[in-house]
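Open the model in your viewer and keep the selection tool at hand. The stops below go from one side chain to the next.

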Amino acid sequence: MREIEWRIRFFNDGFKKELPSLYDHFKGLALGTEMFLLDWFLSLFALSINDIEIVSRIWDNFLLEGEVFAYKATLGILKYYEHELKLLTFDGAIKFLKKLPKDIDEDILFKTIENTSITWKEFQSAVEKQRIADTNTEIH
């Protein structure tokens, strides 16, 4: 459970930094990222994106870059749909995030993902800090 919690915290920190107004909108709706993030990560977006080409490209990048790409892709998708998401209520946003619209422009989406601020180095640093925290907890 701790592994999931710190990953959600790590994502939320990046979300707040990258998309502060959308983050605040989600907070105002009481829409926690765990309501969609786990589904997106566990399926690597296969359940929420209807375009097999985009899903395949996400999987390829995930295999090349590692887990950090899931965070970058999530931020990229949220940024891609930021305007639409800000107009939605809680129920509308949940429905939207469970099954994203079919009209995704692959090139624009991947440019958006590429321009996210989360780096592999930043992610590795967070992983190492979590390992140390887990070790210290086990010792005490």
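Start with Lys-79, which is partly exposed at a relative accessible area of 30%. This is a predicted model. Lys-79 belongs to helix H5 and Glu-18 to helix H1, so the bridge ties together parts 61 residues apart in sequence. Glu-18 is buried, with a relative accessible area of 14%.

Next, select Arg-7 and Glu-67. Their side chains meet in a salt bridge, at 2.5 Å from N to O. Arg-7 is in helix H1 (residues 2–18), while Glu-67 sits in the loop between helix H4 (52–65) and H5, 60 residues away. Arg-7 counts as partly exposed at 21% relative accessibility, and Glu-67 is partly exposed at 26%.

Move to Glu-106 and Arg-57, whose side chains form a salt bridge of 3.1 Å, N to O. Glu-106 lies in helix H8 (residues 106–114) and Arg-57 in helix H4, so this pair joins parts 49 residues apart in sequence. The salt bridge count for the model comes to 6.

Last, select helix H7, residues 90–98. Which of its residues are buried? They are Ala-93, Ile-94, Phe-96 and Leu-97. Look down the axis of H7: the buried residues fall within an arc of 165°, so they line one face of the helix. They pack against helices H2 (20–29), H3 (37–43), H5 (68–80) and H6 (82–86). Turn to the face of H7 pointing away from the buried side to find the exposed residues Asp-91 and Lys-95.

Methods:
Residues numbered from 1 in each chain as written. Predicted model: local features only at pLDDT ≥ 70, side-chain atom pairs only at ≥ 80, totals over all residues. Heavy atoms only, no water. Buried < 20%, exposed > 50% of the residue type's maximum accessible area, 1.4 Å probe, protein only. Helix = DSSP H or I, 4+ residues; strand = E, 2+ residues; numbered from the N terminus. Arc of directions from axis to C-beta. Contact = heavy atoms within 4.5 Å. Salt bridge = Lys/Arg side-chain N within 4 Å of Asp/Glu carboxyl O.
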